[in-house]
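Colleague: Please take a close look at one part of this model and describe how the pieces pack there.

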Protein chains: 2
Amino acid sequence: MELKVKPFAYVSGQPTALLNPDTASNLGAIDGSRIRCEYAGVSRILFVVTSASMPKDRIGFDKIAAKALKVRPGKPVRASYYPPPPSASYIRKRLGGSQLNRDEIQAIVNDIVDGFLSEPEICAFVLGQFFRGMTMEEVEYLTHSIADTGQKIDFGRSVYDKHSIGGVPGNKVSLVIVPIVAAAGLLIPKTSSRAITSPSGTADTMSVLADVEFSPEEFKRISLRAGGSIVWGGRLGLAPADDILIRRCEHPLGIDPPSQMIASVLGKKIAVGAKYLVLDIPTGRGSKVERTEDARSLASSFMEIGRRVGIQVVCGITYGSQPVGHAVGPALEAKEALECLEGGGPISLREKSTALAGVLLEMAGVATSGDGQTIAKQILGSGRALRKMKEIIEAQGGNPNVRSQDVRIGSHKVSLLAPCDGYVSEVDNHSIGEVAKAAGAPSDIGAGILLHGKRGYVVKKGEPVLDIYGEHELKVSDAYALAQRLKPITVEGMLLHRIPDTV
Amino acid sequence: MELKVKPFAYVSGQPTALLNPDTASNLGAIDGSRIRCEYAGVSRILFVVTSASMPKDRIGFDKIAAKALKVRPGKPVRASYYPPPPSASYIRKRLGGSQLNRDEIQAIVNDIVDGFLSEPEICAFVLGQFFRGMTMEEVEYLTHSIADTGQKIDFGRSVYDKHSIGGVPGNKVSLVIVPIVAAAGLLIPKTSSRAITSPSGTADTMSVLADVEFSPEEFKRISLRAGGSIVWGGRLGLAPADDILIRRCEHPLGIDPPSQMIASVLGKKIAVGAKYLVLDIPTGRGSKVERTEDARSLASSFMEIGRRVGIQVVCGITYGSQPVGHAVGPALEAKEALECLEGGGPISLREKSTALAGVLLEMAGVATSGDGQTIAKQILGSGRALRKMKEIIEAQGGNPNVRSQDVRIGSHKVSLLAPCDGYVSEVDNHSIGEVAKAAGAPSDIGAGILLHGKRGYVVKKGEPVLDIYGEHELKVSDAYALAQRLKPITVEGMLLHRIPDTV
């Protein structure tokens, strides 16, 4: 069928052709079907969206499609029905209960990255894993496929890495671990994410102190120069399938099936050539993995797939029922990480960071078995980790002379006060995150929460137990109102108060 | 946040706001998030799509959204993050393994119909049913919810109905059953679908003889006047949730979970006030339900839910491994149905139609138990069914004097010849459907397939066993090429030939 091109401003995640429903029907297509469009010797497969307002002899292209076809308004384009690719039938086959082989999984991942699979197909792939799991073979193939569809970086020497499966607010440990490990002479080029649902991703926190957006070449140069780095993974093109699955399915549905999590994490590690990985699995009520036995099972799957793809994985099951340290939000967390490197900061941050860093030191043989944390604490206590962090900050274009007290935090502040003498009996991860986000985190980098104490902290009536910081007064008020509703901290079961109000 | 409106031509299935990714991030939104937009006292919830080509202070609306907000380009709109509706959390809850109550299911169906649920959420709802099933209580609630979210029609007297779960090409039995049942004095207002993946839906077939698109009021008037009707359900607004689920999930993924199928079918029957339903479940290799025990189990679920919602359901498990009758495609099937009403046509069509019609006659007490098919055959044989069909055709604006030989079929024809003496050992439903579609069905109404015989049919070498008809020579050639590849008919395991070619 020959159709004239009508301009069409929409830019979707996948290349799209807009058709009148009757025109689509004549092509044998409905919404979501694929058609092949041909113009001047170039052809592309596009997804159909129908609209009754589209004239019957016209076809609309989104920008991706129009650019690919090099076509302008009014030009005639040949369109024909295009059947679903083989990968779509592999996804259906898996819905039917079959296992997939290496080539089938590779085809699915390729087509996800190339935009040939529709949203329902992508969701079916992830939900199939959610409901039925995957065999170890399938996860192994998926891991390789995810690595192979993206950029790979060869650092030319042994790469050490650290990863957390997330789910706990205030988890700024990478900003302490990376300089300790790099100060020990190991190479630790750390890619990290920006917040999707949390009040600060590691990349958001690091961006307070230095640039985090680099090309793969820059990332390599910076990491080799400083021995370590903390950058945003989003511009590196590593494992692009993962971003698509998160955006199109996992985030909207709030799911993260273990098989997909393992393949995505290890796929990214393969892409940077990591051979040694310490994996942080925060566990406990209100974290991603609530029960210790589930954490153990996830750890053993990570190690098994690691073994199959050539990465030695050691997992740390850590306490995840309340925030790590006291600070939540980009600037507050960066400030607290610097305090820790300067020799201060909360104990929980120091302990967790040195424990995980110690594992890598032992894997590298820099520390003997059982001595890793001691050595990590020595590196931290001696100021070598702080000096290394300044090198990393400088290599990433930041100010190496920054001190924790220089970090600017939001100028608006509201405190929650203890309503009675007592102790903190509950700190709720989810509510802490929501309140910090209401205050403006992560896009307002100075916004967030500072806890005066966590579980077991003894307070007197009228003392502050939690401060909300923000860059805009209105947002801080909103966050306060939300805090009253969500009750992020409980003192012996009572609600908290606001300065200067007394309820 | 206040944003200026930028014109935006896209019309999506759901109300959409187009934002720069940074603007979205400042709102706390990503692709697929919801935002609330307010203009001149009107507010609407929209889904976010991000595009880097969008200026940061602008917001684009699709036509649905722009119309709802009554907003024009350049006007300032207030936008804020809007959390997922409760129904989204019910879908997540069900992913976690919980059962849903009546209110939760009603909320999900309402929000599907109102466009408040995203594609991943809709797919998760259907895939959750696919993987985990539903309890009888849940299916009952879902059935009522589907009926309640759409138009309802009260005919003021007992309504009889017939439905097939589909999956077999050439299943034109409704065009024979409806006039038999109506000729017996029962009211049978039959809504039917157009083809989604098949070469002809019942509505496509009927549209060869009469109009099929009517408003609910016209449908009621026509049905009461003639005692029966065969119309397209698409314009009646019955059970709109069903169409959305089919378009957005079931069709793209090729799935049709029993719980959703039962709720959709019976929800539509509630909407027309049907109290008696005969349900055709074609069973066998290459049909929707391959094993008889699965057909039995589906039948018993249909009857149980029918009992709960006040519809008496009798199921016919019919032979579904090859087409019904000999004709596939709108005009060819309409012609064959008329032949049957005129006293001719293939035996399989006559037997299946009278068997299913007989069930309704028994349910109504028009025939005594066990005598239904005999009475149905008498009505067919006496010409009363043909006269009734002419009344129905006339009531639906068609030519009541049409004879089977008047039905115009495609003028281009290619025959497949038997490559040897033998008998037909295989007729493949799927391949028959694909070849008929390649020939142009259903949009070219004269296109399709005519089988000379089905399984067991004895042929001599060089005799035609299957004719491909079409309105365009090129499509008939394409269909022939496809037939060579797919082998829709097997004669003792040999391939077939083309006139005048000899392979």
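**Two helices of chain B, and the chain pair**

Modeller: Helices α17(B) and α18(B) run roughly antiparallel to each other, because the angle between them is about 160°, and an angle over 145 counts as such. This is a predicted model. Helix α17 of chain B covers residues 429-438, and helix α18 of chain B covers residues 473-486. Their axes lie 7 Å apart. The crossing of α17(B) past α18(B) is right-handed.

On the α17(B) side, the residues that meet the partner helix are B:Ser431, B:Glu434, B:Val435 and B:Ala438. They face B:Lys475, B:Asp478, B:Ala479, B:Leu482, B:Ala483 and B:Leu486 of α18(B). Sorted by class, this contact holds 6 nonpolar, 1 polar and 3 charged residues.

Between the chains, 39 residues of chain A are in contact with 39 residues of chain B. On the side of chain A that touches chain B, α1 (21-26), α3 (86-95), α5 (119-132) and α10 (240-253) each supply at least two residues. The most comes from α5(A), with 9 residues. By class, the residues on that side of chain A are 18 nonpolar, 12 polar and 9 charged.

Conventions. Residues are numbered from 1 along each chain as its sequence is written. Chains are lettered from A and ligands numbered from 1 in the order in which they are written. This is a predicted model: local features need pLDDT of at least 70, side-chain atom pairs count only at pLDDT 80 or more; totals for chains, interfaces and linings use all residues. Axes are lines fitted to C-alpha atoms, for helices over the stretch in contact, and angles run from 0 to 180 degrees between N-to-C directions. Helices (H or I, at least four residues) and strands (E, at least two) are DSSP runs, numbered from the N terminus. Angles under 35 degrees count as roughly parallel, over 145 as roughly antiparallel, 65 to 115 as roughly perpendicular and the rest as oblique. A crossing is left-handed if the near helix is turned anticlockwise from the far one by less than a right angle, and right-handed if clockwise. Two residues are in contact if their C-beta atoms, placed from the backbone, lie within 7 Å. Ala, Val, Leu, Ile, Met, Phe, Trp, Tyr, Cys and Pro count as nonpolar, Asp, Glu, Lys and Arg as charged, and the others, Gly among them, as polar.
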